[in-house]
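Please look at the sequence and the model below before reading on.

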Amino acid sequence: MPAFSYSTSRTTPAPTLLATDISVPAALRMPKVESLFPRHRHMFWPELQRSARSWLLEKRLMPADKVAEYADALCYTDLVAGYYVDAPDEVVSAIADFSTWFFVWDDRHDRDAVHGRADAWRTLREHLHAALDDPESHGDHHDPLVAAFAECVQRLFSHLGPAWNARFARHFHAVIEAYDQEFTNRRTGTVPTVGAYIELRRHTFAHHVWLDLLELAADHELPDAVRNHPEYRRAGLASQDFSAWYNDLCSLPKEIAGDEVHNLGISLIQHEKISLEGAVAEVRLRAASRITEFLEAEREVLRMAEEAEDGTHEGDALGAGLRMCLFNMRNWFSSVYWFHHESGRYRVDTWDDRSTPPYISDPAGDA
């Protein structure tokens, strides 16, 4: 029986402003995203897709047979190419490799939790913290996941400067610690309450990291007064919450099958005592509310950009950077939405074992 009514079918979209012909299950459909958020993709996307395959092999993050069979169908580069449109090619390439690494790390975390490898996870956690603080010293690390992470960090750190780098590092240290909390929850079978889950999810989804990368894509570090402005923060948080909760909606069958305890739907079922169908409807409703929240904040952020553009070089540059950050915040909605219906990462109905993705090379807990 399929996870949701109606299956999805993949089509090959054009590389820039995209139309799509994908059948979205009724329980997952978001008409506002389809009508109000046109889909865009970075023009460098075809090269990103090719380079991702090479990078996965070069960094030994996936076996060659898995790369050949699954890398393109996972659509990891499609996702990033739709987030950071108009970023410099080398920047979007670095972000794409970092995002690909993030998915592989998430899979390692899952397998370590499933197979009870507490010592292996703690070691990895410590090494990632160390690589984030000193990436240059970890490029040849014996663990390919750590070495690849260090390389990504070095590339990301080569553009904006020390203040941005320190902020990014601070935010990703928090992501690593949130993953550690998830590991503990999974080993103890602890389902977070709805409120606790939402707070934890904002770290494990790396809300602040992806928002930092908006500035990298725009080649403009925003002043603290702009980044911390309530309406800018509101727009960014809405785009990220939508993305995280829509991911929860689409991955709910996969995560229930895999004995996961971290999903907004699972928290609702456990702590609000509602049915699976009710949880699906509630997560969808909450994700949709973030669309409204973003559209309201977007108007205010555009007003901020207009006010910044005062005819001076600094003011016009700030306005342009702010507009590009906002444009790519907006692109999160369409990119996340369509990614979940194109990527093989969520096609549990096609897997032999719904609890073990076929692109994973560690189904039985091998080292």
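1. The lining of the largest cavity consists of 15 nonpolar, 10 polar and 13 charged residues. Here Ala, Val, Leu, Ile, Met, Phe, Trp, Tyr, Cys and Pro count as nonpolar, Asp, Glu, Lys and Arg as charged, and the others, Gly among them, as polar.

2. This is a predicted model, in which local features need pLDDT of at least 70 and side-chain atom pairs count only at pLDDT 80 or more, while totals for chains, interfaces and linings use all residues. Residues are numbered from 1 along each chain as its sequence is written, and side-chain values use heavy atoms, with hydrogens and water left out.

3. The structure has two cavities of 30 Å³ or more. On a 1 Å grid over the protein atoms alone, a cavity is a set of points where a 1.4 Å probe fits but cannot get out; a pocket is an open set with protein on both sides within 12 Å along at least five of seven lines; lining residues have an atom within 4 Å of a point. Grid points are joined across faces, edges and corners, and a volume is the space filled by probe spheres set on the points.

4. The largest cavity holds about 680 Å³ of space. Its lining has 38 residues, and those closest to the centre are Asp106, Arg201, Asn247, Glu255 and Arg345. Helix H5 (89-114) is among the elements that give two or more residues, and H5 supplies the largest share, nine residues. Helices (H or I, at least four residues) and strands (E, at least two) are DSSP runs, numbered from the N terminus.

5. The second largest cavity has a volume of about 90 Å³. Its lining includes Gln49, Arg53, Asp72 and Thr100. H2 gives the most, four residues. By class, seven of the lining residues are nonpolar, three polar and two charged.

6. In the second largest pocket there is about 320 Å³ of space. Of its 15 lining residues, His208, Leu211, Arg227, Asn228 and Arg233 are closest to the centre. H10 provides the largest share of this lining, five residues. The lining has four nonpolar, five polar and six charged residues.

7. Is Ser289 buried, partly exposed or exposed? Ser289 counts as partly exposed because its relative accessibility is 33%; buried means under 20% relative accessible area, exposed over 50%, partly exposed in between (1.4 Å probe, protein chains only). Ser289 belongs to helix H14 (residues 276-308).
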